[in-house]
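Let's walk through this structure together, one part at a time. Keep the sequence and the 3D view open as you read.

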Amino acid sequence: MSELLVKQKDIVVPGEELAIGMDNLPGQGTYREGEKIIAGRLGLVSIDGRAIKLIPMSGRYLPKKGDTIVCKIMDILMTGWRLDTNSPYSAVLSMKEATSDYIQRGADLTQYYDLEEWIVCKITQVTSQKLVDVTMKGPGLRKLTNGTVLKVNTNKVPRIIGKQGSMVSMIKDATGCRVTVGQNGLVYVDGEPSKEVIVIKAIKKIEAESHTSGLTDKIKVFLEKETGQKIAGQKVPEQKVKE
Amino acid sequence: MGYDKRIDGRKFNEMRKMEAKVGVIKRADGSAYFRTGNTWAYAAVYGPRELYPKFKQNPGKGILRCNYNMLPFSSSHDRVRPGGSRRSKEISMVTEKALISVLDLSQYPNAVVDVFIELPETEAGSRCAGITAAAMALADAGLAMKDLVAAVSVGRVDDKILVDLDYAEEAYEDGPVADIPIAMTANTGKVTLLQMDGLISKEQLNEALDMGKSSLKEIYELQKKALKDKYKVV
Amino acid sequence: MNRDLRNHVIKTLDAGVRSDGRKALEFRQPMSVEYGVTTTAEGSARVIIGETEVMVGVKVELGRPYPDSPNQGTMMVGAELLPMSSPEFESGPPSIQAIELARVVDRGIRESKSIDFKKLCIEPGEKVWTLIIDIISINDAGNLFDAASLGALAALKDFRFPNLDEDGNVVHKIKGDKVLEFEGEPIEVTVLKIGKHFVVDPTSNEEQAVDARLTVAVLANGELCAMQKGGETPLNQEEIMKMVDIAIEKTNELRVLLK
């Protein structure tokens, strides 16, 4: 005899009972204790077939292989750079991975990336001890200049990017700004100052209203109002809450 | 004679007026506020974050670091000198023990989760208010957490068992007093903080713990609501 | 100092905006002053400027006067930049940042002669009131200086002398009636120079891009009673006078909040 005690999109707190019985499976963010499936964090219920999992709404970023992240150079090493990833774990960019050019041993590394500069890079490896390696070799990976960095809730990044990048593209098109969204909750914005203000406001709005429906339309209306220009284009598919 | 009526008129199993709110300190990763009567606490969580000095790092899992601090103007007596005291260090330590068992820090090797508890106004029950706020703040910070923890002080004044002693009751002079701060995990009912000073019999202790259990349920409901209110759909 | 950040702030100021859409001389909203936020202090206040929040409490004790001013009470101002209010603050003894903040707020109040310390004397040479003002950062989103100064004044306005019991000890628990007389209301505003721009009420980000800052305490009648220059870049006289003008104008705006 099984019973589901919560429904889709319920907010649950740690220790709250989600289901009784063996029919359901404890997914991410939940755990089983005897007959019960219990919330293992504060989160939003997501039921996928028999699995119950919790979507985090808060929590700092933890580096994951394959993530594209926005980082700041925090230290120059003998053979590379150490990066601030906006997480408890710094990353290392080795000389080899820095650029497709060949860097001489003993070269002045600040010529490539200097302290306090921002880059967008990709995580190639995360060890069990959370040592993180990144690369700059790949499409779209580059130094970021002339703009400003906005810290966002890392759990809202999927909403900010949108399905197939639709949300962030809409913002970019409406404002003419370059917007680089890192999985680590850092967003680099670079454009005409008054338009940058609109981008920042739009992103903050997405953060605040991320688990409401019709968000894409709301942002579209907001952008049109702020820029005074209609946004052309296809109807963007309504997004599901993603993990 | 006995302690027939509580000084502030409450019932013996009645707590002071309570209030809980989550997300009160924007720069923190998680934060909360909890009040009971004239005792209230802020709790702010930063973490997981880098831990220095390196020798303190634990490669197996993250560590929890709690800091309980009374603000200089928080006492109804003289100003409290900033910088902590032996008392505040001890409370910091028992607070950490009260919370650690519900946290799963294995996902954060070498890192630290810092909990800061600051009290702008205290009138007895401050460590319990701090722990109750800290549990909400930890959940708000999105940490892997098996359960919530709530805390309250139970005890005895003269011949009565009661809950949430205020300052006047702690200082009661016409009979024996026992002040028992207790913290429990909300759903599994395990005791994570238990201290006592005063005089109490074994039977009275048992009765006090029973009363504590039901009071803690009330506090837990407040914590739940405060957490859900912050995140509910606009 | 972060060159990139500074360049970007200057770029936006050149275009007449700041990242949050404000103008250079605009304070954030909401701005509020709340009195009497704790019953354990003899006077207390909470100031909110944007997301920056500061609490100030005033406690009073009986003490001896300083030997060179036997018929005057004393005052001490302390500040704690709590680690809970920002990831930048560490636990431990007060940093130089906290010390500077406390001393600048202190000077604003003390030098304005707003408080007649003779009125704090109970028994010349023997017993005087000691006012202790404690400034606590609750959330640091930039501009703690101005919030702290406003908070200190508000807490002093909220302050009531406690009564003494028959043994002459302070009865802290019961709030008295006697207000602390003070006139002049010195309010501090900090004006910052970034590139060639002058800015007030910086966010935490903008604070990192600052070349120089000037905190000015201004009385209601426009007289200046304290100043502090910070930052490494020198200022010329013209710039200083311009910043003073801005400070005077802005303190009038803040003064309204203290009503």
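This is a predicted model: local features need pLDDT of at least 70, side-chain atom pairs count only at pLDDT 80 or more; totals for chains, interfaces and linings use all residues.

## Where the chains and domains meet

Helices (H or I, at least four residues) and strands (E, at least two) are DSSP runs, numbered from the N terminus.

Residues are numbered from 1 along each chain as its sequence is written, and chains are lettered from A and ligands numbered from 1 in the order in which they are written.

Chain C also meets chain A: ten residues of chain C are in contact with 13 residues of chain A. The chain C side of that meeting has two nonpolar, five polar and three charged residues.

Now turn to chain A itself, which is divided into domain 1 (3-56), domain 2 (68-144) and domain 3 (148-227); these bounds come from an automatic or database domain assignment. The centres of domain 2 and domain 3 of chain A, taken over C-alpha atoms, are separated by 26 Å. Between these two domains, nine residues of domain 2 of chain A are in contact with eight residues of domain 3 of chain A. Strand 9 (68-77) of chain A gives the most to the domain 2 side, with three residues. That side has five nonpolar, four polar and no charged residues.

Chain A also holds an open sheet of four strands, in the order 2-7-8-4, with mixed pairing; two strands pair if DSSP finds at least two bridges between them. Strand 2 (11-12) and strand 4 (25-26) of chain A stand at the edges with a single partner strand each, so one side of each has no neighbour in the sheet. Strand 7 (residues 43-48) and strand 8 (residues 51-56) of chain A run antiparallel and are joined by six bridges. In this pair, Gly43(A) stands opposite Pro56(A).

What lies inside? The largest nonpolar core has 158 residues, and Ala133(B), Leu138(B), Val149(B) and Ala150(B) have the most contacts inside it. Such a core is a set of buried Ala, Val, Leu, Ile, Met, Phe, Trp, Tyr and Cys residues joined through C-beta atoms within 7 Å. A residue is buried if 20 or more other C-beta atoms lie within 10 Å of its own, exposed if 12 or fewer, and partly exposed in between. Apart from this core lies another, of 47 residues, including Cys71(A) and Trp81(A).

Finally, look at helix 4 (residues 202-231) of chain B. Among its buried residues are Ala208(B), Gly212(B) and Lys224(B).

Technical notes: Two residues are in contact if their C-beta atoms, placed from the backbone, lie within 7 Å. Ala, Val, Leu, Ile, Met, Phe, Trp, Tyr, Cys and Pro count as nonpolar, Asp, Glu, Lys and Arg as charged, and the others, Gly among them, as polar.
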